[in-house]
Structure formats: C-alpha cells, structure tokens
Amino acid sequence: MHRIDKKSALKLYKQSDILELGEHADSIRRHLHPDGVVTFVVDRNINYTNVCINRCRFCAFYRDAGSSEAYLLTNDELYTKIDETIALGGTQILLQGGLHPDLDMHYYTNLLRSIKERYSIIIHGFSPPEIFYLSKKHDLTLRETLSTLKSAGLDSIPGGGAEILSDRVRKVLSPKKINSSAWLQVMEEAHALDMRTTATMMFGSIEKPEDIIEHLTVIRDLQDRTGGFTAFIPWSFQPGNTELSKDLGMKSGKSRTGSGLFPTTAVDYLRALALSRIYLDNIPNVQASWVTQGLKLAQVALRFGANDFGSTMIEENVVRAAGVSYQVSREDIVHAIKSAGFKPAQRNTYYKIIRYF
Amino acid sequence: MLKSIKEKVLSGERLSREDGIELFNSGDIFSIGRLASFAAEERTGTKAFFIINRHINPTNICINRCKFCAFSRSKGDEGAFELTIEEILEKLATRNSAVGGILTSSTAKGRQKGDMTTHYNEVHVVGGLHPDWPFEHYLSMLAAIKKEYPSVAIKAFTAVEIDYMSKISGLSLEDVLRSLKRSGLDLMPGGGAEIFAAEVRNKLCPEKISGERWIEVMETAHNVGIKSNATMLYGHIERIEDRVDHLLKLRDLQDRTGGFQAFIPLSYHPKNTEIGGHYSSGLDDLKTIAISRLILDNFAHIKAYWIMLGEKVSQVALLFGADDIDGTIIEEKITHAAGAMTGQGLTKDQLMHLIRRAGKTPVQRDAYYNKVIS
C-alpha cells in the first residue's frame, strides 16, 4: 500500500471530510482484519502507587509523598487484586504507578518475582517514564534496567507517557517528564530485548495538528526499525480536576460556568483515530478507547479505523480521577462489539485470540 | 449497493418501504451518512439548531406503567412525586448561569426575583397520567406558566396525556386541545409514539394508547393549529420493518397536515426497566438518524437528542443528517431514570462548540425554528 507522507497526512487531517477520512480508515482496517473480529483483553489496571515526582499538569491522579491521599499498595492488596482478576478470566495485569522517590530496583524486582512465583499471568507494566526514572536512580543503562526487570518477570511494556511526542508540547504539559527521544529510546531498547509494547497518544490539549503528525511519524519510524509495537492507542485529554485545565480555564463536561477551552469532541476523536489508522501502516492494531469516549462512540470508532476494544478495565483509577467513569462489564463489551456488527474475541497481551464470544 | 436509493435521493424522489428496509440492512454507513447529509443540507444548509430550554416533569405518578419506562411510579410508591404549580414556577425561576439572566417575568413577584429569572425560549412539560388530577389542573398549570412567562413557548403534553385528558374530562380531543391552547399551550412534544406496530406495542406498553390513536391526537392537534414533534423509540424488541412502517405512518400524516416540526428518534435505555436488554449501538443510532432524514422527506428537521444519544454521538449525528441537537435542558429525569450516561444540562457555549467542531453553523432557535437574536 502506498505510504502517506507528512505533508499529505497534515492535509488529510486538516481538510478532509470526516466521512471520507473514516471510510478510508475503515477500508484499511478491513484490509488488515478481513474477518471482522474485534478483540479485547481481560485485565486489571493496578496502580501500585499514586506518589509521583513528575506532577504533570494534565494528570488528576498523582499525589506528593507527604499527602494524606498518597498510597503504596501492600503485597497482600496486590495479590487480592490479581486473584480477582484471574477469577474474572483475566490474562494480564497492567501494572503502572507514579515515580515514587523511595522505590528502588530491589522493590520492583521483588514485586515482579513475587507475582510470577504465585501466578501465571502476563505482566504488562511500567511505562517509559517509570523505566527511565529507575535507570537514572541506579545509574544503569536502559538496556540493563529493562533486562533486569525482564528477568524478574516483566513481559511487556504499556505505551503510556507518550502523550504528544513533541518536546515543544511536553515542556508545557509535563515539563518534568522524560522527553520525546527518551520515550522512544526506552521503547527501542525494549523491542531489542524482544519485549512487545504498545504506543499511545494523548491529544486534545495544547498541541497543533503538526504535533500530532510529528507524533505519528516518530512512532512509525521506530516501528519500521523494530516492529515491536503491537497496537496504537489514541485518546483524548480528560480535563477534569487537572492543573492544566485550570490554567487554561478549560471546561470539564459538566461545568456550567466560565468560558474558555472545551474538552475534545467526538468528531475530533474520530478524526485523530482515522488518521492514525491511515498513517500508521506498519502497526497492526488500533484501539478504540471506550474508557475515555464511552461505549457508543467506541462502537462508532470501529468503523473509523479501530479493530480492538482495549481492556475490560476491571479497575481504572487514572481516568476516573479526572472525572470520567463508565461502568462497563465484559458482557457489555461483548454485546457492544456484536451490536456494532463485529465478532468479539478475547485476546492476550500479544493479540493472540483466546476465545470467541 | 444503494445505487437506486442514491439516485432517488439526488433527484428528490420519495423513498419506498423497500428502500427503507434496504437502508437499515446495509452496513455502508458512509454512503448512508453522505446521502442524509445531502438531504439535510438541501433543507437547512450547514445550520445546526439548538434552543435554550428547560424540561419540567410535573409528576412521575402514572397509571400506565409501561415496561420500557424507569421513570413512572404508582401513587404511594417510594420516589413518587407531584409538583404543585407553585413548585413548577419555582423551578422555572431557578438561576441558570448558562444562559444569562434576562428578566422575562411579567408579575410583581417575578420582577422581585430580578436576575434570578432566566430567559428560556421554550419550556418542555411532560409527565405521568396522574390518577387524581382533574383536567382543570392542567389548564391552571399552563395559565400560571404563561402568566409568569408570556414570552416563553410552552411545549407540553404528549398525545398520551392528551388522550387521558379527554377521558377524564369527557371532552372530545378537539375540545381538550382547544381548551389547552386557550390556556397557553403553544406546541406539543412528540413523545408516546414509541413504535406503532401493534404486536410490539402490546408487549412494550399494553396500557398505552394505540398507534392509531396517537396519530389521531396529532392530526387533531395539527388541525386546531398546534404544531408538534414526532418520535420513535427504537432499539428494544422491534424489527427493522417496524421502524420503517413507523416512519411511513408519520410521513403520511405529515402529508395531510404539515404540522410536524421535527422528528426525534429515541434510543432505548435499558436500566431499571421491566424489559431490560441493552443500549442501542452508536452505529445504529447514527444509521437511524440518517435513514429518518432520508425517508421523512416532508419533515423540516431531524433532531439528535443529546440526552439520549450522548453528546458525543449527537455531535457525530450532525454529519449523518441531523440538524438539531435540542438544548440546554437543565434537568432531565425520564431518560436518567433508565441509565442515561449524559449530564443533566449543557451550556449554550458547550452546545455551540459541539456544533462548530462538527463543521456546522450554530443557530439558536425559538420553539418554531426562528433564529433568536441574542
């Protein structure tokens, strides 16, 4: 298939009719996934701590170490959560947290080993900022850090923390978070160690269309080199309770006062999603984000380029902290996929199908 | 696929029942969306309408107890409520910073409230079939609202309530409607239509008036000069054919009277209802909007009611043939009782933003689709 360059991508994004763009993305999705299967993973999002030194302005989840709301899960709490996940047919835990100043490599390797000793479950964990932080703390290379974590039981890395891979935008959004090239470096090293990862994009804050294209471009370039990304997951900035939205005078969905910026709309989401599917010709899967968009728009997203419904999200703390909460069961997801005209299937972390519904 | 339908739409030819069924069975949402957009733009250009309105439900006590309804209660049930006329006026006077406070009250009491009063263009009043309220109560309710807010259009009482008023008063439909109109009724909402097909209707709401009676009430209303909307509740146990037949019945009546302003497809909400089931899919919502636009060639407006579809799908529906997303609403009880995942109200700024981001031109309208200069 003919690869789309930056210039035409920008033109598509800014000027094309949304139905044309959707139809184009839909035809690519159908070409890549001709059997009409839409997958999802049964997993639990376990946030081991909310203590974070990064204090990103778009985040409503983090707390300072001294805060009365700061927490660090005990092993027993963690095991209970994993037991419940397995009981619900879960195959993976998404283990992520803040950059906690007191946790060292010893903590992480113990954590991973203790889980792997007890459970047969895939650990999809630690986004690039966490990996990078750990490597700096111990003065290890990224390769050494990742390799140590991998030996202790880390299977795969989630694509969070990418936000928008443009340093101009990151300086405003998350000045303390790792820069664009560090994020890409972590992923490249992980891929080199044969670990698969996802990639995300958080749009709808202060970026320009050019930044979105830049983001997609660096992801596509890395994928050309490594082939290690399993999926791309675009989602929109959720402004509730965040410092950024206060600074921008941004309105959360339910606010009735003031004037200023608004949350990303459905049409903007579909546009970014469709463009991602069209542009990222080397990434097999694109996820619809029902957590941020709701089930109905996620169903529509399945015709705008998405072929995966993400996770059942047995527990989700981060988006909920920003005021967005959709209560959804596995049955709801299966039904949502069916009624959108697709065949639902549970997959594992590596997009291998486990069970059809 | 859809070739002959496309030709018909482009040449302005009316679609048949078979065309409607073919459209509902088609998975080609992009062609359907484009055709519906074409049909919408022929009528309203790039405009998308919204209104500064408020919903009032005088009571949830209802003798009908339809199986798809989570709002109704029987008298004495926990959660049953009935508002006095005074309480209704209080609700209308509640400050609403979204729309700015323009004094419209004509009474001394209202004037005292000053900036507490809000300039709504329309108040939407629907409620249950209360076992004890006499017909006169409804007339007093309208008169009181009209007296306090003479410039606000009152859109009140579904065909089901009108039929009930005829029963309790012993008056003909025509007399009921004329009396209501004299007391201040300006327009009627389109609720209670559900699905006309008798077999489905008997399962959903056996106590509710028939589809024929609903049509009869609307025809009478249109004939005495009361414009109305029309609705269809879909996504429960009906078949595609039932949807198409429902639309065709509405189209026939509109040919006779021209009294319908907007058609509003209502997606079924399953929570807390007797029949349960699932939410309709977002794709079905968009298709239903689009196909309604294509079949109802004599309706000026198709509304994507954001309370039911969610503001996200409603916004996308503006690209699938809808030209109206309703309004500020402020307080919604009926759909929320059945698990609506939307908020209670949207501000004017939020509505305009949604419309603009869909590439449309926001137009604030009054109850009759005239542009409001504000």
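1. Two residues are in contact if their C-beta atoms, placed from the backbone, lie within 7 Å. On that basis, 29 residues of chain B are in contact with 29 residues of chain A. Helix H3 (29–44), helix H12 (282–295), helix H13 (306–317) and helix H15 (348–357) of chain B each supply at least two residues of the side that touches chain A. By class, the residues on this side of chain B are 11 nonpolar, 12 polar and 6 charged. Here Ala, Val, Leu, Ile, Met, Phe, Trp, Tyr, Cys and Pro count as nonpolar, Asp, Glu, Lys and Arg as charged, and the others, Gly among them, as polar.

2. The model is predicted: local features need pLDDT of at least 70 and side-chain atom pairs count only at pLDDT 80 or more, while totals for chains, interfaces and linings use all residues. Residues are numbered from 1 along each chain as its sequence is written, and chains are lettered from A and ligands numbered from 1 in the order in which they are written. Helices (H or I, at least four residues) and strands (E, at least two) are DSSP runs, numbered from the N terminus.

3. The largest nonpolar core has 212 residues. Such a core is a set of buried Ala, Val, Leu, Ile, Met, Phe, Trp, Tyr and Cys residues joined through C-beta atoms within 7 Å. A residue is buried if 20 or more other C-beta atoms lie within 10 Å of its own, exposed if 12 or fewer, and partly exposed in between, with C-beta atoms placed from the backbone. The members that touch the most others are Leu270(A), Ala301(A), Leu286(B), Leu294(B), Val316(B) and Ala317(B). H11(A) gives the most to this core, with 10 residues. Setting aside neighbours within four places in sequence, Leu294(B) is in contact with Val9(B), Leu15(B), Leu23(B), Leu35(B), Ala36(B) and Ala39(B).

4. Helix H9 (residues 209–226) of chain A has 18 residues and reaches 26 Å from its first C-alpha to its last, close to the 26 Å expected at 1.5 Å a residue. The expected span is 1.5 Å times one less than the number of residues. Among the buried residues of H9(A) are Asp211(A), Glu214(A), His215(A), Arg220(A) and Gln223(A), along with Ile212(A) and Leu216(A). The elements against which the buried residues of H9(A) pack include helix H1 (6–15), helix H8 (180–192), strand S6 (196–203) and helix H11 (266–279) of chain A. Gly227(A), with a positive phi near 65°, follows H9(A).

5. S6(A) is mostly covered, 7 of its 8 residues being buried. S6(A) pairs with S7(A) in the parallel sense over 7 bridges, and Met202(A) stands opposite Trp235(A) in S7(A). Strand S5 (residues 156–157) of chain A is joined to S6(A) by 2 bridges and runs parallel to it; here Ser156(A) stands opposite Arg196(A). Two strands pair if DSSP finds at least two bridges between them.

6. A further sheet of chain A is open, with 4 strands in the order S9-S1-S10-S11 and mixed pairing. Strand S9 (308–311) and strand S11 (353–356) stand at the edges, each with a single partner strand, so one side of each is left without a neighbour in the sheet. The twist averages 25° from one strand to the next. S1 (residues 37–41) and S9(A) run parallel, joined by 2 bridges, and Thr39(A) stands opposite Asp308(A). Helix H14 (residues 330–339) of chain A packs on the sheet, touching S1, S9 and strand S10 (343–347), and its direction makes about 140° with that of S10(A). Axes are lines fitted to C-alpha atoms, for helices over the stretch in contact, and angles run from 0 to 180 degrees between N-to-C directions.

7. Thr264(A) sits in the loop between helix H10 (243–248) and H11 of chain A. Thr264(A) is buried, with 23 other C-beta atoms within 10 Å. Its C-alpha atom is separated by 6.3 Å from that of Ser236(A), 28 residues apart along the chain.

8. Two backbone values in chain B deserve a check. Most residues other than glycine have a negative phi. Arg65(B), in the loop between strand S2 (53–56) and helix H4 (85–93), has a positive phi near 50°. Arg65(B) is partly exposed, with 16 other C-beta atoms within 10 Å. Glu194(B) also has a positive phi, about 45°, but is buried, with 27 other C-beta atoms within 10 Å.
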